Amino acid sequence: MTPTNNAIIVTKHTALAEYIKSTGMVDKDTEVVNVATLDNIRDKDVYGVLPIRMAQHTRTYTEFPISLPSWARNKELTIDQVKEFMGEPQTYMVVFVPK
């Protein structure tokens, strides 16, 4: 996948941001934000952690599923630990369907 200049990373975890940049899916200088707002994600290719209700406002959303053992929960992980527990990234285009 070719990096896009329309990308933004959303995560509170430094190691996850480093990992995402190391995949080559985004440029090394891609902006990282701790909190997603409609202003910073709208119509962008978003990588990281995002509630589904926010993902509907993105161009694409790439999730990085991480399966943590209980001892690693609520702790800041190293990039090596992130790599160890990381699953395959999945990219979505989310559409809201009203009732």
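**Entry 1: Val49.** I looked up the neighbours of Val49 and found that Val49 touches Val10, Leu16 and Tyr61, leaving aside residues up to four places away in sequence; contact means heavy atoms within 4.5 Å. I then placed Val49 in the loop between β3 and α3 (52-55). Helices (H or I, at least four residues) and strands (E, at least two) are DSSP runs, numbered from the N terminus. From Val49 to Asn34 I noted 9.5 Å, C-alpha to C-alpha, with the two residues 15 apart in sequence.

**Entry 2: basis and confidence.** I recorded that this is a predicted model, in which local features need pLDDT of at least 70 and side-chain atom pairs count only at pLDDT 80 or more, whereas totals for chains, interfaces and linings use all residues. Residues are numbered from 1 along each chain as its sequence is written, and side-chain values use heavy atoms, without hydrogens and water. The pLDDT, the predictor's confidence in each residue from 0 to 100, averages 93 over the protein, and 96% of the residues score at least 70.

Entry 3: I traced an open sheet of five strands, in the order β2-β1-β3-β4-β5, with mixed pairing; two strands pair if DSSP finds at least two bridges between them. Because β2 (32-33) and β5 (90-92) each have a single partner strand, they stand at the edges, with one side of each left without a neighbour in the sheet. Strand β4 (residues 60-63) runs antiparallel to β5, joined by three bridges. Here I found Glu63 opposite Gln90 in β5.
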